[in-house]
Amino acid sequence: MNEEYLRKLNTCIQCGTCIGSCFSGKVTALNTRKILMEYLAKGKPVKEDDTIWFCVTCYACQERCPRGIPLTDILIEARKELVKEKGLPGRLKNAFGFLAEYSALVPARDEHAKLREELGLPLYHSQFVDGARDEVVEIVRKHLGGVVR
């Protein structure tokens, strides 16, 4: 964790506004404050707890933090450290693997593309449109590099 983030995180007054503002935390086990405090205490993100991936990066916690702590930005940095150390978690690895290979999170079937053509429907999805598929695959590979295998 960089020094600026460490300094900011140390100003937390434990008010719980981040947790109360968290849309994902209302329906998942995500506890932003707990994750960040453990990150602060241990100096590195917790590896055994995958709840860090439940954050949808809506920035609600960060916008409402009375201390102006860049909570979402710190959480994203923690994720980056985790990915560098142990790769993407299983489900995300599969999802980005599909995205890199098929340009979509759920691979399309060729018969669906054929049916759309027969019905005169446009082939707007990157899975079906030549060039768009290659563009999506290139973007995923550029930004995710070696973490998607």
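## The loop between α1 and α2

Let's start with Gln-14, which sits in the loop between α1 and α2 (17-21). This is a predicted model, and in it Gln-14 has a positive phi of about 55° despite not being a glycine.

Is Gly-16 buried or exposed? With a relative accessible area of 19%, Gly-16 is buried, because the cut-off for buried is under 20%. Gly-16 is 61 residues away from Glu-77 in sequence, and the two C-alpha atoms are 21 Å apart in space.

## Arg-33 and what it touches

Which residues does Arg-33 contact once neighbours within four places in sequence are left aside? They are Gln-14, Cys-15, Gly-16, Cys-18 and Ile-19. Arg-33 itself is placed in helix α3, and its relative accessible area of 24% makes it partly exposed.

## Helix α3 and its two faces

Now for the rest of α3. Its buried residues are Thr-32, Ile-35, Leu-36, Tyr-39 and Leu-40. These five cover an arc of only 135° around the axis, so they lie on the same side of α3. The face turned away from that buried side carries Ala-41 and Lys-42, both exposed.

What do the buried residues of α3 pack against? Their partners are α1, α4 and α5. Just after the helix comes Gly-43, with a positive phi of about 80°.

## The largest nonpolar core

The largest nonpolar core has 22 residues, and the ones touching the most other members are Leu-9, Leu-36, Ile-52, Leu-71 and Ile-74. Two or more residues each come from α1 (3-9), α3 (32-42) and α5 (71-86). The top contributor is α5, which gives six residues. As a general point, nonpolar side chains in soluble globular proteins tend to be buried together.

Setting aside neighbours within four places in sequence, Ile-52 is in contact with Leu-30, Ile-35, Leu-75, Ala-78, Arg-79 and Leu-82. One of these contacts, Ile-35, is also among the buried residues of α3.

## Two salt bridges

How many salt bridges are there? The count comes to two. One joins the side chains of Glu-4 and Arg-7, at 2.8 Å from N to O. Glu-4 and Arg-7 are three residues apart in helix α1, which means about one helical turn separates them. Glu-4 is partly exposed, with a relative accessible area of 40%, and Arg-7 is partly exposed too, at 47%.

The other one brings together the side chains of Glu-77 and Lys-80, at 3.3 Å from N to O. This pair is in helix α5, and because Glu-77 and Lys-80 are three residues apart there, about one helical turn lies between them. Glu-77 counts as partly exposed at 29% relative accessibility, and Lys-80 does so at 43%.

## Another positive phi, at Thr-57

Thr-57 is another non-glycine residue with a positive phi, this one of about 50°. Where is Thr-57 found? Its place is the loop between α3 and α4 (60-64). Thr-57 has a relative accessible area of 29%, so it is partly exposed.

## A nonpolar patch on the surface

Finally, the surface. Leu-115, Leu-119 and Leu-121 make a nonpolar patch of about 280 Å². Of these, Leu-119 is found in the loop between α7 (110-118) and α8 (132-144). Leu-119 is exposed, with a relative accessible area of 57%.

Note on methods:
Residues are numbered from 1 along each chain as its sequence is written. This is a predicted model: local features need pLDDT of at least 70, side-chain atom pairs count only at pLDDT 80 or more; totals for chains, interfaces and linings use all residues. Side-chain values use heavy atoms; hydrogens and water are left out. A nonpolar core is a set of buried Ala, Val, Leu, Ile, Met, Phe, Trp, Tyr and Cys residues joined through side-chain atoms within 4.5 Å. Buried means under 20% relative accessible area, exposed over 50%, partly exposed in between (1.4 Å probe, protein chains only). Helices (H or I, at least four residues) and strands (E, at least two) are DSSP runs, numbered from the N terminus. Contact means heavy atoms within 4.5 Å. Patches are made of residues with over 30% relative accessible area and no salt bridge: like charges are joined within 9 Å, nonpolar side chains (Val, Leu, Ile, Met, Phe, Trp, Tyr) within 5 Å. Accessible areas come from the Shrake-Rupley method with a 1.4 Å probe; for residues, only the protein chains shown count as cover. A salt bridge is a side-chain nitrogen of Lys or Arg within 4 Å of a carboxyl oxygen of Asp or Glu. The arc is that of the directions from the helix axis to the C-beta atoms.
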